[in-house]
Amino acid sequence: MSKRPAGSVSLSQYRDQHYRGSRQDQEKALLKSTTLYIGNLSFFTSEEQIFELFSRAGDVKRIIMGLDKVSKTPCGFCFVEFYARNDALNAMRYINGTRLDDRIIRTDWDAGFKEGRQFGRGKSGGQVRDEYRTDYDEGRGGYGKLVQSKIRRRDS
């Protein structure tokens, strides 16, 4: 049984499938990381709003907004990098599951931002989850991309 430092927040089961390195290397990086992945953001949430919320947990080093790789517009996620692990830990403890822009946001440990990761990985440029979503979500651009394309084909 592995020991976690007192007061730590456990790692989720999710692992970035594009991480360059072994699973063990990724685990070590996550345990030392000062970077968080923030998900379920509204497409309309600003960097300033994110800074306002996360700076309550500690000193934010930088925020990298997630962008649609085609349109270069926000697509519902970001990375928040802190100067200190303890500040990131506070954000995990106290901000995960809170409401921002009328949405429940999710925070997760990230092994560290690398250039290129700010772009969505979905076929249409955004996040994969927004490709297949069948419900209407105003904060995330309406219906999922596949549903929207079916509606457009039907209406043409």
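Analyst: The chain has five helices and six strands. Along the sequence they follow the pattern α-β-α-β-β-α-β-β-β-α-α. This is a predicted model. Of its 156 residues, 44% count as buried. The accessible surface comes to about 9600 Å², and 51% of that belongs to carbon and sulfur atoms. Ask away.

User: Why is Ser-33 called buried?

Analyst: Its relative accessibility is 6%. Buried means under 20%. The value falls under that cut-off, so Ser-33 counts as buried. Ser-33 sits in the loop between helix 1 (23–32) and strand 1.

User: Which residues does Ser-33 contact beyond its sequence neighbours?

Analyst: Leaving aside neighbours within four places, Ser-33 is in contact with Arg-85, Trp-109, Asp-110, Ala-111 and Gly-112.

User: How do you know that Asp-110 is buried?

Analyst: Its relative accessible area is 6%. The cut-off for buried is under 20%, so Asp-110 qualifies. Asp-110 lies in strand 6. Its side chain reaches the backbone nitrogen of Gly-112 at 2.9 Å. Not counting residues up to four places away, Asp-110 touches Leu-30, Ser-33, Thr-35, Leu-36, Tyr-37, Phe-79 and Arg-117.

User: What makes strand 1 a mostly covered strand?

Analyst: Strand 1 spans residues 35–39, and five of its five residues are buried. Thr-35, Tyr-37 and Gly-39 point one way. Leu-36 and Ile-38 point the other way. Residues on both sides are buried.

User: How do you know that strand 1 pairs with strand 3 and with strand 6?

Analyst: Pairing needs at least two bridges. Strand 1 has five bridges to strand 3 (residues 74–82), and the two run antiparallel. Strand 1 also has five bridges to strand 6 (residues 106–110), again antiparallel. Both counts meet the requirement, so both are pairs. On the strand 3 side, Leu-36 stands opposite Val-80. On the strand 6 side, Gly-39 has Arg-106 as its bridge partner.

User: What joins strand 2 to strand 3?

Analyst: Six bridges, in the antiparallel sense. Arg-62 stands opposite Glu-81 in strand 3. The two strands form a hairpin with six residues between them. In the turn, Lys-72 has a positive phi of about 60°.

User: Why are the buried residues of helix 2 said to be on the same side?

Analyst: The buried residues of helix 2 are Ile-50, Leu-53 and Phe-54. They cover an arc of only 85° around the axis, so they are on the same side of helix 2. In an α-helix, residues three or four places apart point the same way, because there are 3.6 residues a turn. The cover over these buried residues includes strand 1, strand 2, strand 3, helix 3, strand 4 (99–100) and strand 6.

User: And what puts the buried residues of helix 1 on the same side?

Analyst: The buried residues of helix 1 are Gln-26, Ala-29 and Leu-30. Their arc is only 100° around the axis, which puts them on the same side of helix 1. They pack against helix 3 and strand 6. The face turned away from the buried side carries the exposed residues Gln-24 and Lys-32.

User: Which residues have the most contacts inside the largest nonpolar core?

Analyst: Ile-50, Phe-54, Val-80 and Phe-82, in a core of 23 residues. Strand 1, helix 2 (47–54), strand 2 (60–67), strand 3 and helix 3 (85–94) each supply at least two of its residues. Helix 3 gives the most, with four. A second, separate core of six residues includes Cys-75, Phe-77, Phe-79 and Phe-113.

User: What does Val-80 touch?

Analyst: Not counting residues up to four places away, Val-80 touches Thr-34, Thr-35, Leu-36, Ile-38, Ile-50, Phe-54, Val-60, Arg-62 and Ile-63.

Terms used: Residues are numbered from 1 along each chain as its sequence is written. This is a predicted model: local features need pLDDT of at least 70, side-chain atom pairs count only at pLDDT 80 or more; totals for chains, interfaces and linings use all residues. Side-chain values use heavy atoms; hydrogens and water are left out. Buried means under 20% relative accessible area, exposed over 50%, partly exposed in between (1.4 Å probe, protein chains only). Contact means heavy atoms within 4.5 Å. Accessible areas come from the Shrake-Rupley method with a 1.4 Å probe; for residues, only the protein chains shown count as cover. A nonpolar core is a set of buried Ala, Val, Leu, Ile, Met, Phe, Trp, Tyr and Cys residues joined through side-chain atoms within 4.5 Å. The arc is that of the directions from the helix axis to the C-beta atoms. A polar contact is a pair of N or O atoms within 3.5 Å; within protein, one must be able to donate a hydrogen and the other to accept it, and residues adjacent in sequence count only if both atoms are side-chain atoms.
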